[in-house]
Amino acid sequence: MTLEEMKQKVYALIEEYNEDAEDLTEDEDLAMKMNSVINTIMFEVARMKKIPARTTMEIVFAENEDEYEIEMTDIDADIYQVDVIKGVDSIVIGKTVVFHEEGTAKIYYFKYPIAITEDTDDSYVFELDADALECMVFGVAGDLLKADISQANGNIYMQRYEQLLSRLDPRKGLGGIYIDGGIDV
């Protein structure tokens, strides 16, 4: 989904959509807040429905050293959480990763989405899954209308958003286990 499509869905939900208007709405206040509110809700949803990423890193110890430390942001400036590191012995302590052997580290992690600013083009493509984006529509609508006392729909949309958010499935895959040679019960 693009940023423009998200705006269309939100404006349609709150009955402010006008395809002929420059900002897809005639309400200047809503148009001014839209990107900022979308960004806030997107970051909130991204903590529930994480965005996976991966990279590799060559680990080489300095002379006379037997371990190598990096900060998590050395992996990716937008890193949220390390999932697993394969290929070399390592441990994550807070925001630091300590490697205990040299080699190629395959790092699987979760990252924050690319931020949306007032200057972000409407062709921006969200990195979140479709179910998270559909949830976002209600969060953005509720947040836009929360300050409007005459709009009771803001609370209704926010309740629906919270309900959908609580039902998001954060799993990207289903785990499995294989026991080589069978088991003796």
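His100 sits in the loop between E5 and E6, in a predicted model. Leaving out residues up to four places away in sequence, His100 touches Phe61, Asp66, Glu67, Asp89, Ser90 and Ile91, where contact means heavy atoms within 4.5 Å. The relative accessible area of His100 is 35%, so this residue counts as partly exposed (buried means under 20% relative accessible area, exposed over 50%, and partly exposed in between, with a 1.4 Å probe and protein chains only). His100 and Asp29 are 71 residues apart in sequence, and their C-alpha atoms are 54 Å apart in space.

A word on the ground rules. Residues are numbered from 1 along each chain as its sequence is written, and side-chain values use heavy atoms, with hydrogens and water left out. Since the model is predicted, local features need pLDDT of at least 70 and side-chain atom pairs count only at pLDDT 80 or more, whereas totals for chains, interfaces and linings use all residues. Helices (H or I, at least four residues) and strands (E, at least two) are DSSP runs, numbered from the N terminus.

On to the sheet that includes E5. Three strands make an open sheet in the order E2-E5-E4, with antiparallel pairing; two strands pair if DSSP finds at least two bridges between them. Strand E2 (68–71) and strand E4 (90–93) are at the edges with a single partner strand each, so one side of each has no neighbour in the sheet. On average, and ignoring direction, neighbouring strands here are turned by 20° against each other (axes are lines fitted to C-alpha atoms, for helices over the stretch in contact, and angles run from 0 to 180 degrees between N-to-C directions). Four bridges hold the antiparallel pair of E2 and strand E5 (residues 96–99), and Tyr68 has Phe99 in E5 as its bridge partner. E4 and E5 also run antiparallel, joined by four bridges, with Val92 bridged to Val97 in E5. E4 and E5 form a hairpin with two residues between them, and Gly94 in the turn has a positive phi of about 60°.

There is another open sheet of three strands, and its order is E1-E6-E3, again with antiparallel pairing. Strand E1 (51–59) and strand E3 (79–86) take the edges, each with a single partner strand, so one side of each lacks a neighbour in the sheet. Neighbouring strands in this sheet are turned by 30° against each other on average, direction ignored. E3 pairs with strand E6 (residues 103–111) in the antiparallel sense over six bridges, and Val84 stands opposite Tyr108 in E6.

Now for the helices. Two packed helices are described by the angle between their axes and the distance between the axes. Helix H1 (residues 3–13) packs against H2 at an angle of about 120°, and their axes are 11 Å apart. The crossing is right-handed (a crossing is left-handed if the near helix is turned anticlockwise from the far one by less than a right angle, and right-handed if clockwise). On the H1 side, the contact is made by Leu3, Met6, Lys7, Val10 and Tyr11, and H2 brings in Leu30, Ala31, Met34, Asn35 and Ile38. By class, the contact has eight nonpolar, one polar and one charged residues; here Ala, Val, Leu, Ile, Met, Phe, Trp, Tyr, Cys and Pro count as nonpolar, Asp, Glu, Lys and Arg as charged, and the others, Gly among them, as polar.

Asn35 belongs to helix H2 (residues 28–48), and its relative accessibility is 4%, so Asn35 counts as buried. Its side chain reaches the backbone oxygen of Thr117 at 2.8 Å (a polar contact is a pair of N or O atoms within 3.5 Å; within protein, one must be able to donate a hydrogen and the other to accept it, and residues adjacent in sequence count only if both atoms are side-chain atoms). Apart from neighbours within four places in sequence, Asn35 is in contact with Leu3, Lys7, Ile116, Thr117, Glu118 and Thr120.

Ile41, also in helix H2, has a relative accessible area of 3% and is therefore buried. Residues up to four places away in sequence aside, Ile41 touches Met136, Gly139, Val140, Asp143 and Tyr161. Ile41 and Val140 are 99 residues apart in sequence, with 6.4 Å from C-alpha to C-alpha.

Lys49 lies in the loop between H2 and E1. Its relative accessible area is 6%, so Lys49 is buried, and its side chain reaches the backbone oxygen of Asp169 at 2.7 Å.
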